[in-house]
Amino acid sequence: MAARPTWQGHLKLSLVTCPVALYTATSSASDVRFHLINPATNNRIRMVTTDPDTGPVERSDLVKGYEVSKDEYVLFDEADFDRVKLESTKTIAIDQFVDEADIDRLYWDDPFYVVPEKGVGVEAFAVIREAMKTAGKIALGQLVLRGKERQLALEVHGKGLVAYTLRAHDEVRDADDFFDDIPTVKADPDMVEIAARIIGQKEADFDPTRFHDGYDEALKEMIKAKQKGGKGVVAVAEPDDTNVIDLMAALKASLKGPASKAAPAKSAAKKAAPKKKAG
């Protein structure tokens, strides 16, 4: 496996234990990344770790500090962190099983593939996986990851498991703080019925390959244009806000499907033709 594991330890269900590794399930390799450039020199700006008294310092020589009062810190090095003994630093102990619907989607966070280490642990992993599949539940456990103890939700996925870190309760804002101010509006039953029919027309199976980051793709096109000496401006028309007076008409027009939008597209093309000839 080419990827390096994010974490290595053991998966434990009661007395059954097996060595496993966690691999990040998502990738940001295709993201557009920028550097800070000095436009006067076109030089890339380098961030240098600097001590205000002694000047530049090597990152490898630095330690972490927790501020207990103004300009006073308790210092920690890697050995200090290793001395914090928690079972979850080396083991994912499954201590609960819940229904998937019991976990609010707001709590689901980063996914990781859970893979058994080769050797005698593979059989124990298979036992845990098949027991979870039979139970039809989501397993909960804890794990110390990136310097923080996180709760995990594990589910069977093919021959392996997928572990999702779960956000802590105090990390999720109360929806009522935002939704309570939404005015109470009684929706017109006829409009709701038409909207439901539109939903039925657009019903489809989930296909993640259909989704693309349009903004990222536009940035890449702009990069290509700038490489060729152009400005690379990407114009996108802003949609009009729904006119409440015409809401029923808009809903009925939406039921007609793509055909209702084809005519305006053709007329726009005819109008654009003379301009093309003039160029």
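Let's start at Asp71, which counts as exposed, with a relative accessibility of 56%. You'll find Asp71 in the loop between S7 and S8.

Together S7 and S8 form a hairpin with 2 residues between them, and Asp71 sits in the turn. If you want a landmark on the two strands, look for Lys64, which stands opposite Phe76 in S8.

Now, hop over to Ser14. Ser14 isn't a glycine either, and has a positive phi of about 55°. Ser14 has its place in the loop between S1 and S2. Is Ser14 buried or exposed? Ser14 counts as exposed, at 55% relative accessibility.

Let me step back and show you the whole protein. The secondary structure comes to 7 helices and 14 strands. There are 279 residues in the protein, and 20% of them count as buried. The accessible surface is about 22,500 Å², and carbon and sulfur atoms account for 55% of that. Among contacts with a separation of 6 or more, 60% come from residues 24 or more positions apart.

Next, the inside. The largest nonpolar core has 21 residues, and Leu11, Ile92, Val114 and Leu154 have the most contacts inside it. Which elements supply at least two residues each to this core? They are strands S1 (7-13), S2 (16-24), S11, S12 (138-145), S13 (148-157) and S14, along with helix H2 (121-135). H2 gives the most, with 4 residues. There is also a second, separate core of 7 residues, including Ile103, Ile138, Leu140 and Ala153. As a general point, nonpolar side chains tend to be buried together in soluble globular proteins.

Let's zoom in on Val114 for a moment. Leaving aside residues up to four places away in sequence, Val114 touches Val20, Ala21, Leu22, Phe125, Leu154, Gly160, Leu161, Val162 and Ala163.

How many aromatic pairs does the structure hold? It holds 1. The partners are Trp108 and Tyr164, arranged edge-to-face, with 4.9 Å centre to centre and 90° between the planes. Trp108 lies in strand S11 (residues 108-116) and Tyr164 in strand S14 (residues 160-166), so the pair ties together parts that are 56 residues apart in sequence. Trp108 itself is buried, with a relative accessible area of 16%.

Last topic: how confident is the predictor? The mean pLDDT of the protein is 83, and 85% of the residues reach 70 or more. Among the elements, S14 has the highest mean pLDDT, at 96, while helix H7, residues 259-278, has the lowest, at 41. Over residues 259-279 the pLDDT is below 50, and this stretch has 1 contact in the model beyond near neighbours in sequence. Where pLDDT is low, the predicted coordinates should not be read in detail.

Notes. Residues numbered from 1 in each chain as written. Predicted model: local features only at pLDDT ≥ 70, side-chain atom pairs only at ≥ 80, totals over all residues. Heavy atoms only, no water. Phe/Tyr/Trp six-rings, centres within 6.5 Å; stacked < 30°, edge-to-face > 60°. Buried < 20%, exposed > 50% of the residue type's maximum accessible area, 1.4 Å probe, protein only. pLDDT = per-residue confidence, 0-100. Contact = heavy atoms within 4.5 Å. Pairing = 2+ DSSP bridges. Core = buried A, V, L, I, M, F, W, Y, C linked by side-chain atoms within 4.5 Å. Areas by Shrake-Rupley, 256 points an atom, 1.4 Å probe, with all protein chains shown as cover.
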